Amino acid sequence: MSIKSSSSYGSLSTIEDSIVGEYFHDSNDDINYNVSKELNNRNKKSQSTLMYVVVSISTIIGLALVLISNQNILLNSINKMMMFMEDGGGASIWTFNRKDYEPLPYFLSTADETLTYKFLDKYAAIIEPYTDTELYVEDYDATTNTDYYFEYELCEADNDSNCMSGKISNEGSESVYIKCQPYQEYEITVIKYSYIDGSKMGKTNGIGLCMYVRREMRSLSRDDLDTTMDTMYALWTTSDEEGSQLYGDDYHSAEYFVKAHHFNAAWQDSDHIHEGLGFLPQHIKTTNMFEKSMQTVNPSTSLPYWDFTIDYAEGEYIFTSFPFKEKTFGSIAEPADHTWGWLYKNDSIENAAIMDGRWKKIKASFNTDYPELNANFGYLRAPWNGNPSPYVSRFTAFTTELPSCSDHYKWLEYDTLTDFLTQAPYAPHASTHGAIGSVYGCDLMDDLTANGLITDASAQIKLCQKWGFMMKELYRKNYITPRTDCSYSSLDYKGIDCGFTCNDEKSDTMASQLEQLIDSRYVGDFLNQEQWGEWKSFVCEGDAAKIFVGDHVESASPVDPSFWPIHPTLERILHGKMMAGGFKDNTWPSDSQNDYVCDKFNCYEDGVAGFYDQCCYGHYEDDQMLDFISGDRYSRYGPTNRAIMDDTDPTSQEYAMRYIYDSFEWEHCEDTDDIKKLLTSSGNGKAKSSTRQSSGKKTNKI
Ligand SMILES: [Cu+2]
């Protein structure tokens with residue numbers, strides 16, 4: 001019998017452990033206590049060494065006592081060992097899985113050495129809060145195996161009185177339902193019994209860790225999908241006041257998160273959570289608060305992610321893609337003309353409301369908190385968005401152009417933190433929002449094309465798709481602000497009375513500003529000053545504000561529930577990148593004048609109303625969010641970007657998120673841009689296979 005092999009806590013396998021375990025479970029309380037206590041201490045580096053010593057000592061003492069005190073039991077155990085070996089010998093790897101789901105890959109014999117969470121090395125299983133959990137043993141088919149079965153017990157660490165047990169046998173699988181909080185630990189004992197005589201054939205221990213698991217939307221079971229959607233929907237129907245009474249302080253309504261996003265994105269000077277290095281961590285922050293709020297309503301749920309690169313690979317249009325079904329975030333109406341999209345002459349504005357499902361015809365909120373951040377009709381919408389619709393609107397484009405495997409592959413190839421964060425808002429994700437929100441009213445540019453101000457119909461369509469962004473730029477540069485007296489009698493062209501107010505003080509430079517903004521690809525190279533003057537009239541007195549974007553493409557975008565599963569997809573890619581070795585250069589620039597920190601590093605001119613001297617705030621390493629609760633932009637809220645990047649580092653023993661991602665497989669990318677191969681090839685980042693092999697990963701066997 002080898003003492004050495006029993007030293008790895010969590011894989012005390014077969015007979016040796018049955019001897020030690022049986023005799024020392026009660027008498028070694030102090031040792032157990034110390035081990036548990038130590039496990040709770042997240043300073044894990046010294047811990048494995050300590051455990052090795054503790055468990056080794058306990059093993060030696062145990063064996064000695066067994067030898068001295070009871071020779072019969074020793075002989076009996078040797079017999080059992082023989083039986084176990086006769087059974088075919090090899091020990092099987094075990095872990096736990098959430099009922100109705102495959103076991104997580106990190107604990108199996110096929111686990112990838114690179115694409116894993118390092119802090120899981122010492123654990124045998126993840127236990128998901130408030131769900132049914134069951135034992136999984138590799139290569140064991142409970143329905144056909146008549147030789148042996150398994151029983152197990154899970155005890156809350158530090159609390160032996162809180163234990164639950166179950167089994168797998170050919171009578172079926174008994175699961176356990178565990179109400180735990182992330183990072184709570186469970187001591188697991190698995191015992192293998194013979195069907196022939198009921199004798200013990202092996203016993204093993206391990207530690208289970210309570211964590212949430214974020215899964216791709218499509219992989220949720222039907223029941224879980226329903227529960228998850230119901231839980232999300234509760235945030236749209238329960239006010240902050242009511243929710244905090246029902247669910248506690250971590251509850252926040254959907255509107256709370258819309259405000260958080262809007263208050264950080266809608267200022268005239270710059271966008272403090274997009275268009276800069278802070279985009280990714282800032283979105284992780286809000287997403288996590290949202291998920292935590294969901295969990296106050298139903299602690300069994302986690303936020304799923306939507307990997308839109310799957311839709312791209314399958315050539316799926318948004319209209320038919322999984323998130324936009326009645327059972328998910330609701331169906332989307334199609335515009336009459338697939339090429340031109342949503343037009344005044346064909347499609348009513350109301351039709352862009354969510355068609356069915358839980359969120360059917362949900363409405364936009366009104367902006368009551370932030371007087372400086374008003375949209376045209378008083379909605380909680382971007383100041384550059386002239387959408388008069390009371391409904392959350394999807395003017396969805398007929399396109400399959402979502403971010404692709406190739407976009408994510410290229411993103412992963414950036415090997416400095418700055419480049420990676422700089423790219424994050426754009427190719428890896430922007431077209432998802434763009435395709436869903438898209439634009440209404442491109443027929444209002446027909447006259448411009450007819451008058452030679454736009455090259456042709458195809459240029460008109462392309463320019464119109466970018467129109468919302470151009471209005472945003474004009475707003476940011478203080479050329480336009482929303483009119484405050486907009487109204488509508490009906491939601492059609494004639495019924496809408498609205499426009500932008502142009503800044504008189506900047507009137508002289510507006511035409512040349514438009515010339516800079518509107519790419520010559522759309523208007524040709526030969527527009528004269530008079531024609532640029534006509535463009536200016538279109539913006540200041542014409543229909544410019546009547547061409548507007550859907551809610552997904554602007555500062556209040558979280559009002560559409562389909563906003564929420566988008567950004568976890570980016571965090572999952574970040575995890576993959578960090579697992580594969582991370583970045584060669586982790587510098588986060590601090591000089592926005594000389595290095596890239598954000599797009600609007602100079603805001604607009606000093607001295608104008610509302611001038612804000614911290615243009616790139618939100619995009620530096622140590623920045624928080626602007627305090628949307630007080631509405632004071634000089635006040636700050638929540639963790640810094642650096643704290644988030646550290647907390648979400650999957651290679652760190654100090655990983656501090658409440659969730660992990662379910663897998664790091666991209667099967668749909670294998671034929672074109674094999675993301676997994678890129679991440680696991682030794683040339684990527686700093687990861688080298690030689691250093692990975694010594695990671696000390698344990699697998700749990702019985
Ligand atoms: Cu986004």
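A: The account below starts with the helix, moves to the core, and ends with the sheets.

This is a predicted model, in which local features need pLDDT of at least 70 and side-chain atom pairs count only at pLDDT 80 or more, while totals for chains, interfaces and linings use all residues. Residues are numbered from 1 along each chain as its sequence is written.

The protein chain has 22 helices and 19 strands. Both are DSSP runs numbered from the N terminus: helices are H or I with at least four residues, strands are E with at least two. Of its 702 residues, 47% count as buried. A residue is buried if 20 or more other C-beta atoms lie within 10 Å of its own, exposed if 12 or fewer do, and partly exposed in between, with C-beta atoms placed from the backbone.

The helix is α7, and 10 of its 12 residues are buried. The buried positions include A254, F257, V258, F263 and A265, along with K259, H261, H262 and N264. The buried residues of α7 pack against α5 (222-237), α8 (279-297) and β17 (625-627).

The largest nonpolar core has 119 residues, and V439, Y440, I547 and I675 have the most contacts inside it. Helix α7 (residues 254-265) gives this core its largest share, 6 residues. A nonpolar core is a set of buried Ala, Val, Leu, Ile, Met, Phe, Trp, Tyr and Cys residues joined through C-beta atoms within 7 Å. At least three residues of this core come from each of domain 2 (306-563) and domain 3 (570-692), with bounds taken from an automatic or database domain assignment. Not counting residues up to four places away in sequence, V439 touches G341, F395, C464, Q465, W467, G468, I547 and V549. Apart from this core lies another, of 43 residues, among them Y123, A125, V176 and I191.

Contact means C-beta atoms, placed from the backbone, within 7 Å. Among contacts in the protein chain with a separation of 6 or more, residues 24 or more positions apart account for 73%.

The sheets come next. Two strands pair if DSSP finds at least two bridges between them. β2 runs parallel to β9 (residues 200-210), joined by 3 bridges, and I126 stands opposite L209 in β9.

N170 is found in the loop between β5 (159-169) and β6. N170 is exposed, with 12 other C-beta atoms within 10 Å. Leaving aside neighbours within four places in sequence, N170 is in contact with A142, T143, N145, T146 and Y149.

Strand β3 (residues 131-137) is mostly covered, with 5 of its 7 residues buried. β3 pairs with β1 (residues 94-98) in the antiparallel sense over 5 bridges, where W94 stands opposite V137. β3 is also joined by 3 bridges to β7 (residues 176-178), which runs antiparallel to it, and D132 stands opposite Y177 there.

Technical notes: Two residues are in contact if their C-beta atoms, placed from the backbone, lie within 7 Å.
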